[in-house]
Amino acid sequence: MAKNTPKNRRAVIVGGLRTPFAKAFTELMELDTIALGVAAVGGLLRKLDLPRTEIDGIIWGGVVLPPLSVNIGREIVLDLGLPASVEGHTVTRACASGLQAITDAASAIERGDADVLIAGGSDSTSNAPIAFPNKVTRTLAPLALGGKATAADILGALAQLMPLSEVLPRQPRVAERTTGEVMGESAERMAQRNEISREAQDQLALRSHQRAARAIASGRFDDEITKVETPKGLVHSDSLVRADTSAEKLAKLRPVFSKTGTVTAGNSSPLTDGAAAIVMMSEEKARALGYEPLATVSSWSYVGVDPADQLLIGPAIAVPKALDRAGLTLQDIDLVDMHEAFAAQVLSVLKMMGSQAFARERLGRDQATGEVDPDKLNIYGGSIAIGHPFAATGARMVTTMANELHRTGKRSALLGICAAGGLGAAAVLERVD
Amino acid sequence: MTDLLLELGKRPFVRKLVASAGLPMPMPEALPRPKGPSVERFLEGKTVRVAGEGALGAALANLLPRAGATTLTATAALAATIGSKAEAYGRVVRPLTAADSESTDKVHALILDATALARPADLRLLYTFFHDHVRSLARGGRVVLLGRPSDTATTLAQAATEGALDGFTRSLAKEIGGKGATANLVLVEPGAEMRVEAVLRFLLSSASAFVTAQPLRVSAEASWDNRDPWEKPLAQKVVLVTGAARGIGEATARMLASEGAHVVCLDRPEDDEPLSHVAREIGGTPLTADVSDPEAGVQIALELKRLHGGVDIVVHNAGVTRDRTLARMQESGWDQTININLAAILHITETLLQTGALRDNGRVVSLSSIAGIAGNMGQTNYAASKSGVIGFTRYLAKQTKARGITVNAIAPGFIETRMTAAVPMMIREAGRRLSALGQGGLPEDVARAITFMALPGSAGVTGQVLRVCGGALIGA
């Protein structure tokens, strides 16, 4: 804690908002990740009527970063026309980037570095840069950047780029850099290894869609979504949730990553465009400005596992750590929100949370973290139904849970997120009275 | 010198041709070897079949799921013990059924816990398990039997039964050697059950590619702290390797460094250049000394203490041959061989112990030779020095066990080196082919055996001589 900082400062969430989540290459395709961030943050500032001069900074999460303007956080400030004094930076921790931005904001506020911060994240898979092999850069850049080139130089450079197959742009894939494994393949292996059946995965996916559809129909998300203007018109609602899906429809889909596999497009999260943001303040400041605090982030934990082993099992290790730090057990938790990268991953994590053997061997504990009551889990669906714009998911989950705690008077919510690179994240939110 | 038959055997076309022509020529199978340093999950994606209701269930449960194996067993007790751990690592234990013995799926390893066998009739388990499953063993697969040393038996029948495992393993090794597979026997003393992990990791992995038909005893004699990392296991360890400028010594220095050790590479002053090159490449320290110099021990001990405060692992690899039949052998040829190959090892080790340079829980590994076990024409001096190393090893192991220092020897068989490339063709061919695996070993095979002996987890292995010989017929 910095000097001259009152102890026991508490960072509180005063509100959150997101863009609609749209399947990649559809309605939101024209907006890049910065534009999506601008839409979410702009909408949130309007909704909260937050005085622009009170904002200290933006902490923004991003996974697929635009190569020429990596610091999305600052670009959002500038594009929104916020005061130039509002600083901005960008954090990246794969799919945990959005949560990372939020826990960083909590740290900064509680340490006394700031009073009012915007935190969140965005991703536009539709605008993922297509990377040329380094060979192209190394051959062409000296010509482009290094003064005058003669015709001979240019011909020479072109000759170096043969054969053409070596210099064609590479298709972007959600693959692990160290193992080369596509994430779905990792999920497929986890399903096999933890004996997660196709039926159980489809069941979880179905529940995700049904619950999300119900939430949309009941207007539960209305306060959490801002409409977004695009060159092709106004987008005002999520477009991925399928109210009409069924166990039969899901069962018909073919496994994607292995002929005999279980992971399908139906029980995986789709590539998605979108953004989500929250505003966090010191409790003192929130009350002084007249905002009602919704919740506080009591604790969090980030962990790493070997990506070549079970890439997405991290939350099973992060969750008990976060619970410990909050001084809570799973029995104390009212709501559990688990990012659904793949149904196979959620079910593997849940199984390990309930496993005595996992607790003993992997956590060094006598007792399993516990079984999660399905009625408390992802009560409004998850990433499989709603979509998963990588870095936006954290703020989406935090917003929904903070609102739910405030709305219902429930005490606590547990969040779990798995991420590429073998990362796992967990956080505990508690209601602020 | 490349092994032509081995190279030809890598081509399926040639294999087919030899088979269809009915040539009485066994084509040796290329041995799979590790591509890098040791890894925790060395059995990733592999299937092992396990049987036997003995004392090693808990040790196997500790190892197999963590190593990444899918386990098949028909033994209910094993299924329960291994299953209780497997879930934590997302691994499956499946019941082994009659259908599995018919299945064309190949398995990486067959493991039998034979520690509970007490009467000759119990040996029937060896027959049934391996009879049913040996055909399923993959190329380059592994057979490991776990038994008790017969001198720890409590009845005569038990001693006889335990003794039988040795002949069985050696014979099976010969039967499966053609497909590059190995069979070895681990003799676990009562009370040493949880110390078998390092041994099993070695024998079940491709690190032991050239070790077959060997018994290895595991005891609880030397102290052990039971905290073994299996990746970079030698981090923070200081190693001395003598004769490190080339050959097996160089391969050993490189291997130990890749496992995290800081290696002090020692060789003769004349070899300063290649020595420095090796040391630089592996981030180690070159040290020149003539090991047969009476001052060498003190010089080495002082240097090790000055540079690193001491040494954890000593590999006595430096050696010479001065081959002549005894009647023609010169005095100097005798003296040099005994001095460098045996007296220097004794002298340096004693000095390192007396000066306190060799730290607690240390490891001493010396190079013996098949010649020291079987004898060899024209090598009375060499064979004497190498069997002297065995005497040294067995005696010193008892002296140092209280300090946790293990002492072992490696006896290489036919290894493809500059030395063996100079051997006449017919003798060379005999050296290669008269073995279970039908080929010569590589310096890295010896280096890996030394590395295994040097691990913190190998505390259960002391006073042992391990042959790295491909199941050579001579001296077996």
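The model is predicted: local features require pLDDT of at least 70 and side-chain atom pairs pLDDT 80 or more, whereas totals for chains, interfaces and linings use all residues. Residues are numbered from 1 along each chain as its sequence is written, and chains are lettered from A and ligands numbered from 1 in the order in which they are written.

Chain A contains 14 helices and twelve strands; helices (H or I, at least four residues) and strands (E, at least two) are DSSP runs numbered from the N terminus. Its C-alpha trace spans about 75 × 55 × 45 Å along the principal axes. The radius of gyration of chain A is 22 Å, which agrees with the value near 22 Å for a compact globule of 433 residues; the radius is taken over C-alpha atoms, and the globule rule is 2.2 Å times the number of residues to the power 0.38. Of these 433 residues, 51% count as buried, that is, 20 or more other C-beta atoms, placed from the backbone, lie within 10 Å of their own.

Ala11(A) lies in strand β1 (residues 11-18) of chain A. This residue counts as buried because it has 26 C-beta neighbours inside 10 Å. Leaving aside residues up to four places away in sequence, Ala11(A) touches several others, including Ala105(A), Ile109(A), Met280(A) and Val297(A); contact requires C-beta atoms, placed from the backbone, within 7 Å.

In chain B, seven strands form an open sheet in the order β10-β9-β8-β11-β12-β13-β14, with parallel pairing; two strands pair if DSSP finds at least two bridges between them. Its edge strands, β10 (285-288) and β14 (465-468), each pair on one side only. Three bridges join β8 (residues 238-242) to β11 (residues 311-316) of chain B, and Val241(B) has Val315(B) as its bridge partner in β11(B). Helix α10 (residues 272-281) of chain B packs on the sheet, touching β9 (262-267) and β10, and its direction makes about 155 degrees with that of β10(B). Axes are lines fitted to C-alpha atoms, for helices over the stretch in contact, and angles run from 0 to 180 degrees between N-to-C directions.

Between the chains, twelve residues of chain A are in contact with eight residues of chain B. On the side of chain A that touches chain B, α6 (183-193) and α12 (356-363) each supply at least two residues, and α12(A) gives the most, with five.

Key: Contact = placed C-beta atoms within 7 Å. Buried ≥ 20, exposed ≤ 12 C-beta atoms within 10 Å, placed from the backbone.
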